[in-house]
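This report goes through the structure shown below, from the chain as a whole to single residues.

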Amino acid sequence: MHNKTASIQKLLTRLQESTFIAEVFPINAVDEIATISGFRLGRTQRVDVPTEEINAALGQVVYLLCVQAHHLGYVFDKCYLHAQGAFSKISLATDRNTKYELYLPSSEDRYNRALTMLLETVNLFVTQHLVKYRKLLDGKEVQLYPIEGDKIGNSSIRYSSESLEQWTRACKCL
């Protein structure tokens, strides 16, 4: 009986120390490429990540943002996120019918517009709810990168096969 009680206490302690977000959406990096839920978000000249995996990673980013917003009671007022897994989209809140694809293959212009809108949405969410956001992460410090226009941490979120490393750095900062 003592072993069972100790085992249950250990499990309870582990659950109290973990967060839902960290368990469901583990965020890491493999070399210079960010990962979320095990999916790589980025691509370099040396590491050719399949498009389907990048799409799944972006879908997880959208879903994570939706879950966090719901948890904090936040309503996106500029953009609307259409969480659809690897085929997620984003639209202006004032025009939900015009959707921009957060997945490839799609028009590079539309994809870049979607990525820029997503970056703006993340920036508004985090800056408006930084205190609540840290509480959601159990007070852990979060590395925040400056976001300005289409740049995060001085790297552009705009996708281009000619500047994969820069795009991958921006995705890692996201």
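## Overall make-up

Among the contacts in the chain with a separation of 6 or more, 46% are between residues 24 or more positions apart. The model is predicted. Its secondary structure comes to six helices and nine strands. The chain has 174 residues, of which 39% count as buried.

The accessible surface of the chain is about 10200 Å². Carbon and sulfur atoms contribute 52% of that surface.

Three strands make up an open sheet, in the order 4-5-6, with antiparallel pairing. Strand 4 (79-82) and strand 6 (95-101) are the edge strands, and each pairs on one side only. Direction ignored, neighbouring strands of this sheet are turned by 30° against each other on average. Strands in a sheet pair through backbone hydrogen bonds, and the pairing can be parallel or antiparallel.

Strand 5 (residues 89-92) is joined to strand 6 by four bridges, and the two run antiparallel. Within this pairing, L92 stands opposite D95 in strand 6. Helix 4 (residues 108-128) lies across strand 4, strand 5 and strand 6, and runs at about 110° to strand 6.

Another open sheet consists of three strands in the order 7-8-9, and its pairing is antiparallel. The edge strands here are strand 7 (147-148) and strand 9 (155-156), each of which pairs on one side only.

Strand 8 (residues 151-152) is joined to strand 9 by two bridges, with the strands running antiparallel. I152 has S155 in strand 9 as its bridge partner.

## Aromatic pairs

How many aromatic pairs does a search of the whole structure find? The search finds seven. One of them is formed by F87 and Y103, which are edge-to-face, at 5.2 Å centre to centre with 80° between the planes. This pair links distant parts of the chain: F87 is in the loop between strand 4 and strand 5, whereas Y103 is in the loop between strand 6 and helix 4, 16 residues apart. Y103 counts as buried because its relative accessibility is 15%, under the 20% cut-off.

Y159 and W167 also form a pair, with ring centres 4.8 Å apart and planes at 85°, so this pair is edge-to-face. Y159 counts as buried at 11% relative accessibility, and W167 counts as buried at 0%. Ring pairs also link Y74, F76 and F125 into a cluster.

## T168 in helix 6

T168 is placed in helix 6 (residues 164-173). Is T168 buried or exposed? T168 has a relative accessible area of 1% and is therefore buried.

Which backbone oxygen does the side chain of T168 reach? The side chain of T168 reaches the backbone oxygen of R43, at 2.5 Å. Leaving aside neighbours within four places in sequence, T168 is in contact with E32, I33, G42, R43 and T44.

Note on methods:
Residues numbered from 1 in each chain as written. Predicted model: local features only at pLDDT ≥ 70, side-chain atom pairs only at ≥ 80, totals over all residues. Heavy atoms only, no water. Pairing = 2+ DSSP bridges. Buried < 20%, exposed > 50% of the residue type's maximum accessible area, 1.4 Å probe, protein only. Polar contact = N/O pair within 3.5 Å; in protein donor to acceptor, adjacent residues only side chain to side chain. Contact = heavy atoms within 4.5 Å. Axes fitted to C-alpha atoms, helices over the stretch in contact; angles between N-to-C directions. Areas by Shrake-Rupley, 256 points an atom, 1.4 Å probe, with all protein chains shown as cover. Phe/Tyr/Trp six-rings, centres within 6.5 Å; stacked < 30°, edge-to-face > 60°.
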